[in-house]
Every structure is written in structure tokens, then in C-alpha cells.
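Reader: Please show me how to read the features of a structural model, beginning with a pair of facing residues.

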Amino acid sequence: MNRKLSAVLLSVFATLLLLILPAQAHEAADIYIDGVWATPCQETNDITSVFMTVDNTAVDHPIALIGASSPFAEHIHLVEGDGSCAEGITERIVIPFGERMNFREASYAIAVEMNELHEAGEPFSLTLTFDMLDNDLNSDGMTVDVVVGVPILDEAPASSDILIVTPWVRPTAMADMSDHDHGEGEHAHDNEEMAMGMPMFPAAVYLRLLNRGEEPDRLIAASSPVAEITEIHQTTVEDDVMRMGEIEGLDLPVDEWMAFEPGGYHIMLVNLQRELFEGEAIPLTLTFESGTELTITVPVYDPTMGGMDDDHDHDHSHDHGG
Ligand SMILES: [Cu+2]
């Protein structure tokens, strides 16, 4: 009797799981993008080529990059071939299941024509739209957006054993993108609000982190030019009261995802030096016990608001030795 009941329950559970699973298969967090950077083209300063590595080993089907957008971009094209900005425009770039595709010069790039709101050399955020494909490379009608921060660099960033994906930080102020009358360069550096005595709240950076190396490592410090002090924090609930406090570091076991997310670990930007506006991106340097120093570019946006794809996947291990 009990056995029969549990068998029924099990099949109900399995059916529910099947209903839930397709949604989980389309998580933004399952498309691993790292090594993002951009360099201005030789011909014009307005067009920059964005390069990166897209890892499609966690999604169980092919995907295709079909577009990109940024509040600081006028036109964006996917480019295939010799790497020059205006040539080889393509509709989509297919990334087969199980592959890591390197967008680099003479292979693939995203050509971004910046608008007048963007100051040359400033990092910006880019929303990449991926189409989910079946095995015949036909669209299944689902798309997933992944937001990345794009630094302007002279050369590709060095690859690292530590993979960091889906970093984000909430904007601290609203930017009026429709208002072009501000004049150039004021979008991210307008200190009016600060001058008016508005308090600057600390901001929290969230991200996911995987130690792909051979040895365990430990995150021991973080820093950013936008904050006077940067601390590694943990939020805990004690007697129904939520507290957060600084922790000395976070162990990174080999091959284990660590999640910095609301309600848990976060990197606290204390005493912000300026407001953070949606669409821009900020540098964040992470220091590890192994001596590795990694500077990532964190897009400023709020995935918990609006149409952005939120990361509901809380299946990753939070285990850490004290
Ligand atoms: Cu905190």
C-alpha cells in the first residue's frame, strides 16, 4: 500500500519535474561567457569590436547568438571573417553543444557603433541575445539574454583558472537615456545628485565563480576604483533578523560553483565614489590566495527587474569551509 502510494507520488513528481525542466534548460547562467573585451577599430573611433569566449557545455543543445544591444550603441552587427568592422555581417553565430567558441580577430566579433552618450574608453554593458536551437539548428522559439560588461582594452585579457560568469550590480541612480541635451560625457560622471546631498548607498556585486584549476583556491580580497572600500560580505538570518557582515575570504574547491547572490555572499562596494548608471559597467579586481588577480567588468543592471532573465537557478553548491 505504502509502496504503491510512493510509486504514484514518484510519477507525479517526475511529471512535475518534466514540466519544470524545460524552463530551467534556458537559464542565462548556463551560457558561460568570459574573457569579454573590446578594442576600438583602426578606421573610426566610434566602432568597436567586441570579443569573448562563449562556453556552451552546460546547455544540452546548440545555441546561436542572434543579436546584441546596449543603451550606448547606435548599431550592432554580428561579424564573421576577417575581423574588420564593416565586413562579413552575419545573421547568427551558431555555437554547437559542448563547445567553447572563441570570438577573436579573424573569426567572430560583435561590431558595436557607439552613440554620443558613450565616452571613448569607458566600459559599457552589452545584452547578448541567444536563440535556443534544436539538433537540426532550427530555432525552438526561445531566446535567452545574457548581460556582460565590456572593457576597452589593448589586448585580450589573460585566461584564468577561475571562471567568473553573470556578474551584476544594481544601478544606484536612474539615467535619462532619452535626454541628449546633457552634453557629452556627463552620463556617468554627473555628480549633481551627490552635490545635492543625496546619500550614496553601498552597492553589492553578485556573480558566480568556478575554480577550473587543479588546486583549491580562496578569494581573499576585492577592489574597485568606484568604491573607497570593497569588502567580501555574507548575509545571514539570525532570529528572523537579516544581518550582513564582512568575511575574511571564501574557499573555492576545485570544480565547484560558488554563487554570490542576493541573500547570501556579495561583494560590497562601500563609500561609492559616484553613482552607478544602468548600461555602464565597472571594473572589479578579485584577489585570490594563489596570487591570481583577476579584473572583471561588471555590468550595471538589475536582473530582478523588468524583462531581463533572472537567474532562478539556486542549485549550485554553497558549501564552504569557514
Ligand atoms: Cu554587504
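Author: In this model, Arg-218 lies opposite Asp-251, a residue of β16. Strands (E, at least two residues) are DSSP runs, numbered from the N terminus. The model is predicted: local features need pLDDT of at least 70, side-chain atom pairs count only at pLDDT 80 or more, and totals for chains, interfaces and linings use all residues. Residues are numbered from 1 along each chain as its sequence is written.

Reader: How many bridges join β13 and β16?

Author: Two strands pair if DSSP finds at least two bridges between them. Here β13 (residues 217-223) pairs with β16 over three bridges, in the antiparallel sense.

Reader: In what order do the four strands of the open sheet run?

Author: The order is β16-β13-β19-β20, with antiparallel pairing. Because β16 (250-252) and β20 (293-299) each have a single partner strand, they stand at the edges, and one side of each lacks a neighbour in the sheet.

Reader: Which residues touch the most other members of the largest nonpolar core?

Author: A nonpolar core is a set of buried Ala, Val, Leu, Ile, Met, Phe, Trp, Tyr and Cys residues joined through C-beta atoms within 7 Å; buried means that 20 or more other C-beta atoms lie within 10 Å of a residue's own, with C-beta atoms placed from the backbone. This core has 72 residues, and Ile-33, Val-50, Ile-110, Val-148 and Val-150 touch the most other members. Strand β8 (residues 108-114) supplies the largest share, six residues. The core lies between domain 1 (28-156) and domain 2 (160-322), because both give residues to it; the domain bounds come from an automatic or database assignment.

Definitions and conventions
A residue is buried if 20 or more other C-beta atoms lie within 10 Å of its own, exposed if 12 or fewer, and partly exposed in between; C-beta atoms are placed from the backbone.
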